Amino acid sequence: MTIDMSQFYQVFFDETDEHLSEMESLLLELDVDQPDLEKLNAIFRAAHSIKGGAGTFGFTDMARVTHVLETLLDRLRKQELKPAVEMVDAFLEAGDVLRAQLEAHRAGGEYQDERIEQVCQRLEALTAGEPPPAADMHAAAPDSDHPEPSVEGTGWRIQFDPVAAGIAEADTLNALADGVAELGRLQRVDEATGRPYRWELVTDTQVPAERILEVFDFVCDTHHIRLEPLPASGASVAADPGYGLFDAAPGTPADTGPDPGYGLFEDAPGAAGADVAESAMARDAAAQEAGYGFFAAAPGSPDPSGEVQEGEGYGLFSDAPGSEQVHARAEQDRAETAQGYGLFDPSPGYPGAAREPEGNHGDPDVHPHPPPEAGKNADTGAAAGNAPPPGGGQERRQGSGRPPRKPGGGDSSIRVSVEKVDQLINLVGELVITHAMLAESASRLDPVAHENIFNGLSNLERNSRDLQQAVMSIRMMPISFVFNRFPRVVRDTAASLKKKVRLKLVGEDTELDKGLIERLADPLNHLVRNSIDHGIEAPEKRRAAGKSETGEITLRASHQGGNIVVEVADDGGGLNRDKLLAKATERGVSVSENPSDKEIWQLIFAPGFSTADQVTDISGRGVGMDVVRRNIEQMNGRVDIDSAPGEGTRITIRLPLTLAILDGMSVRLGEEIFILPLTAIRESIQPRPEQLKTVSGQGRVLQVGDEYLPLILLQEVFDLGSPAQRIEDSIIVLVDTGQGRAALVVDELLAQQQVVIKSLETNYRKVEGVSGATILGDGRVALILDVDELLRLSHRTVRPRPSTTA
Amino acid sequence: MTEELKERAAVNTDDSREYLTFTLGEEEYGIDILNVQEIRGYDAVTKIANAPDFIKGVINMRGVIVPIIDMRLKFNLGEVEYNQFTVVIILNVTGRVIGMVVDGVSDVVALRREQIRPAPEFGAVLDTDYIEGLATLDERMVIVVDIERLMSSNEMGLVDQVQQQQSV
């Protein structure tokens, strides 16, 4: 059976990406002093899944790194080693290397860097760390999941068919035997009785399966070689409760007792059928992953039933005696084969093991069951199994009592390209417009005579709105996609600045448009790094100020009306008013006479503005905040700053929910209709004549309370000719702009409506004062106003002094 | 007859191209038909602020925002009164959709390269950059316009300068 693996590459890439991200976030959550076993296990599983996939798809470089990574993780999770900060660092670096390798493979190449070697060595050194504590019974058992430590017993049984393998000649065989004999004492048994030949290699020290296969590799295809660990000495069998279990299991042939795999397979109903193996093969990649996962004492495996099934497939593959599937397995990866064998040794009765996570969570009283019962478990398969593997109970119980993790959405989601979704959104937008046009035409009809049409139209409206919402929600993703990168950013940045920073994430489930999420990442990254660099003070300084040494950065996301609000808050020193003012003077940035705090805070968004005394590699060059603001504004969003000296700074980003739709107010000006983004509108008023003032006969201002706001006359800005009506008869909309509030004069407010944003630049060019266009219900085009630009434009047109234009 | 058809067909694939001719006032212009997407009537436009007067505004063409240019204003052929015969040629030029208001569409003609004579230099009076040449058709003069060059030229202001530089 040959499958073109390349068609599954993309799945592997995507999955690995997810696994890497998960691993990273788990690593960052890990408390080194009090490691949570569940987390360690989850990290291990992620690493293992990557390894399994990489091995299956032939990305050996990745498999190698994950292998080393996993070995260390395994020792950690078995509590043979104590987690240390260096380990977490090494893991994170390994994660980076893996990501680089993944990217390289995605691009069709291979990542070559000495970093790979360095990371592997570092991990290996850490793995070799301290010896396992003798008191831990489970730890004394050999590491079952890994090729290197996986050697069970003190020897191997080597089975092969010399003819099939092409090594039937006596000379070759002898040479081979000599080669193998170098590893230990070799006994050539059963050569006379016919094929397959059976050799037994007894070694003093543990020899990994690869070593033997390497020898064979010289002369023949190793696919034809089967390796099994020889039964260990009687004492060691007795010492391992797993064996006991199987010995006593009813119906287990005595001679296969030492090898639980055999016992299992002969007993397990439904597992023996060769046809099952076939389907299991198709699931192979998944099976590797899941199978390993639960044997690895996985707490909270997402879907117990699914895994049991997969486990069956897996079991078949690795251990069915004499079956072809073993060869198939060997074909994939020799190391995996060895692992497969090892895997079964300490965890007999796989159905029990499969259920283990649940047992761990749900039933704190589970103890190793008496052998006969466990045997029965093997008999009855998945349904009965809630027995944890012997020896697995005690130390793993730590994870009990915690809620199981949410079931993974493996089967309930599909991957669709963004273009398809965008196309859908565009089409739905057109549908909504078409409906509006229809409704407008129908409005001239007599409602009584054409009742059906009106009913149909209202149905259509409801359906198309629902459809629009549903389609929009496809693009919605939880903001955790962006937030999740920040633990790492904070950790790294804080470490390089020798500051202590804790990150708090709030509202990670808040959903927003995928396009926004992607574009939000950079600005947020900037803000967070800025907060750590400039906001949070050095530990000494914080102590002196009577604050905790560890600074705190809060990333908070929430919905507010039709907007999404993302906050980056720190409890650092806050912005320094005087310093900002001084800097502004130095830079020649114009500041009003008696500026409000808000106005001053906005200064940091001016290009080239940095208050850092020294330029660090993190920030301080002054490029950045202006870019942040521009990025946010391009998304129709706004940035606000609040700051209090000694208490911290809070930067608030307000964004529309999606890029494609805008909540707007349609306003009329003469014959033209414009859309004003609702986010910009504060209030609208009918001005009294005494509110209108002029400054030196030119600049017109509107007095609102004790504030004087600049008046924006669209007719002047857009050169639409003289106003049709006096300002006193017009409506004035107070809008928020980047430079404070302003008053926009319009003839009439028409309606509040959602509009589909269309770009003018597709076929035309950027128009000043306009952020885009939309299509109204009657099919006409209306321009969407950009109040910030309008204010700038009105400075240019109204005020004669060029200095204010800048 | 068949011979003639054959010849025409052969000519068509060789060096002749088909041109859509339209009238602007007294003058007749020809543009490469491959740039023409469709021809439609004139609809009300939405004015664009601070645009040159020959840019009438934008229209909604099945969900696409399309700028509309009045060629008479562009070529200084005087004010035009729009009536039901006013025609908009929707062009597709370098991936952009642009509408062009003309007085009327006359014909589609095939012109061989040698039929198109180079236009004389008018010096600074007239920018002839976008004029491919002049062709004679039944005693009429057709001004063959390189519409791509015209529409992407700076003076049209249809494209942002930055984009212009990128595309050049």
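These legends accompany close-up views of a predicted model.

**View 1. Confidence along chain A.**
Chain A has a mean pLDDT of 68, with 60% of its residues at 70 or more. Two stretches deserve a careful eye. Over residues 131-153 of chain A, pLDDT stays under 50, and the model has 61 contacts beyond four places in sequence for this stretch. Residues 232-410 of chain A likewise keep a pLDDT under 50, and for them the model has 303 contacts beyond four places in sequence.

**View 2. Where chain A meets chain B.**
Here you can look at the contact between the two chains, to which chain A gives 23 residues and chain B gives 20 residues. On the chain A side, at least two residues come from each of α21 (418-442), β21 (770-775) and β22 (781-785). Sorted by class, the side of chain A that touches chain B holds eleven nonpolar, four polar and eight charged residues.

**View 3. Helices α1 and α4 of chain A.**
This view shows helix α1 (residues 9-29) of chain A with helix α4 (residues 85-106) of chain A, whose axes come within 10 Å and cross at roughly 165°. Because an angle over 145 degrees counts as roughly antiparallel, α1(A) and α4(A) are roughly antiparallel to each other. Their crossing is left-handed. From α1(A), the contact uses Phe13(A), Thr16(A), Asp17(A), Leu20(A), Met23(A), Glu24(A) and Leu27(A), while the residues from α4(A) include Val88(A), Phe91(A), Leu92(A) and Gly95(A). In this contact of α1(A) with α4(A), nine residues are nonpolar, two polar and four charged.

**View 4. Helices α3 and α5 of chain A.**
Helix α3 (residues 60-77) of chain A packs with helix α5 (residues 114-127) of chain A at an angle of about 20°, and their axes are 9 Å apart. Angles under 35 degrees count as roughly parallel, so α3(A) and α5(A) are roughly parallel to each other. The crossing of α3(A) and α5(A) is left-handed. If you follow α3(A), you will find Val65(A), Val68(A), Leu69(A), Thr71(A), Leu72(A) and Arg75(A) in the contact; among the residues from α5(A) are Ile116(A), Val119(A), Cys120(A) and Leu123(A). The classes in the contact of α3(A) with α5(A) are nine nonpolar, two polar and two charged residues.

**View 5. Helices α25 and α29 of chain A.**
The axes of helix α25 (residues 514-535) and helix α29 (residues 625-634), both of chain A, come within 9 Å and cross at roughly 150°. α25(A) and α29(A) are therefore roughly antiparallel to each other, and their crossing is left-handed. Arg519(A), Asp522(A), Pro523(A), His526(A) and Leu527(A) are the residues of α25(A) that meet Val628(A), Asn631(A) and Ile632(A) of α29(A). This contact of α25(A) with α29(A) has four nonpolar, two polar and two charged residues.

**View 6. The five-stranded sheet of chain B.**
Now over to chain B, where five strands form an open sheet with mixed pairing, in the order β3-β6-β7-β5-β4. At the edges sit β3 (36-41) and β4 (55-61) of chain B, each pairing on one side only. From one strand to the next, the twist averages 30°. Strands β6 (residues 87-93) and β7 (residues 96-102) of chain B run antiparallel and are joined by seven bridges.

Key: Residues numbered from 1 in each chain as written. Chains lettered and ligands numbered in written order. Predicted model: local features only at pLDDT ≥ 70, side-chain atom pairs only at ≥ 80, totals over all residues. Contact = placed C-beta atoms within 7 Å. Helix = DSSP H or I, 4+ residues; strand = E, 2+ residues; numbered from the N terminus. Nonpolar A, V, L, I, M, F, W, Y, C, P; charged D, E, K, R; others polar. pLDDT = per-residue confidence, 0-100. Axes fitted to C-alpha atoms, helices over the stretch in contact; angles between N-to-C directions. Parallel < 35°, antiparallel > 145°, perpendicular 65-115°, else oblique. Left-handed = near helix turned anticlockwise from the far one by under 90°. Pairing = 2+ DSSP bridges.
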